[in-house]
Amino acid sequence: MSIHWNLSDAIAPDEAAVGVDVGGTKTLAIAYSAHGPVAEARVPTAPGLDGVLHSLASAVRRIRADISHLTLRSIGVGIPGIVDTASGTVSHGVNVGISGANVPLGPKASAELGLPVHVVNDATAATLGAAHAAGAARDAALISIGTGLAAGIILDGKPRLGYRDSAGEIGHIPYVKDGLPCRCGQRGCLELYASGRALDRMWPTPPGVKAGVDVFSHADRGDPHAVAARDEWVSAIAHAVTIIGLTFDVEAILIGGGVSDIGEPFERQLIARLQDQARSSAFLTHMGLAERIALVPPGLAVGALGACLAGLDAL
Ligand SMILES: [Zn+2]
């Protein structure tokens, strides 16, 4: 799959729309025109409803000055927590200090900024953004590999969140019998073997050196320990891809999160591993999982892009 996109189907030439990714430490706001990003601002996230509102408003005000020649149509906001998209309320957004239930972020932000503000969960926003960028907006999954491992899923153009908001929590599918203990209470969960934290455990590095980039470059130079660690980790990621592929059979299986900055060497190894698996199985050959994957480019802010798209879609 290739990542190549614009927004000309969603935004008119004289218009703009904003997407905001509210994270635990920073808030990133990007203004998009039909051709792509035109302005961005990054501010620290202050905690709680008032803090988030303040961070949001100051980031949006900064970019508004840069797009005064365009008509701003909407603002979409992605934020951690359980979001009721119809009412714009947020519950259990513990990463941003919103610990209560049904906190009215959307209506308050809309009143403050004088524009429609649509709020979505941040992982959903990232999935929408990645799917759009891959040209598979109706049928895609984003496997996010960071500290943990989880997937966002879009089926028939709609995010599938699940009955208990847990669709795509593949990181807690047991992978190793009687394996390492997991914070979820089980043992041997997949995220203990297929995450950024797993790489840090398998390939300890000095401070400031990223385990992923380091292990792949050592492996490329033929270090047998690095090859073993890399292959074990890539096999676990391939298992995650296989779970998503066989469960949802989506058109695009995108890989994002912190480890995507390993880049091409990671994509190459993952494709090789999936092709290897397929060689021994006519069924997996038919599934063609290796052809469906793509790494989200590290510079592509899928969270802000997806929030922007959700905001436009809600108009
Ligand atoms: Zn677990």
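The legends below describe close-up views of a predicted model. Residues are numbered from 1 along each chain as its sequence is written. In this predicted model, local features need pLDDT of at least 70 and side-chain atom pairs count only at pLDDT 80 or more, while totals for chains, interfaces and linings use all residues.

**View 1. The whole chain.** The chain holds 10 helices and 12 strands; helices (H or I, at least four residues) and strands (E, at least two) are DSSP runs, numbered from the N terminus. Its C-alpha atoms fill a box of roughly 60 × 40 × 40 Å along the principal axes.

View 2. Domain 1 (15-128 + 300-313) and domain 2 (136-295) make up the domain assignment, whose bounds come from an automatic or database source. Their centres, taken over C-alpha atoms, are 28 Å apart. Contact joins 7 residues of domain 1 to 9 residues of domain 2; two residues are in contact if their C-beta atoms, placed from the backbone, lie within 7 Å. Helix H3 (residues 122-133) gives the most to the domain 1 side, with 5 residues.

**View 3. The largest nonpolar core.** A nonpolar core is a set of buried Ala, Val, Leu, Ile, Met, Phe, Trp, Tyr and Cys residues joined through C-beta atoms within 7 Å; a residue is buried if 20 or more other C-beta atoms, placed from the backbone, lie within 10 Å of its own. Among the 99 residues of the largest core, Val20 and Leu254 touch the most other members. Helix H6 (residues 224-248) supplies the largest share, 9 residues.

**View 4. The surroundings of Leu254.** Beyond its neighbours within four places in sequence, Leu254 has contacts that include Ala130, Ala134, Leu142 and Val296.

How values were computed:
Buried ≥ 20, exposed ≤ 12 C-beta atoms within 10 Å, placed from the backbone.
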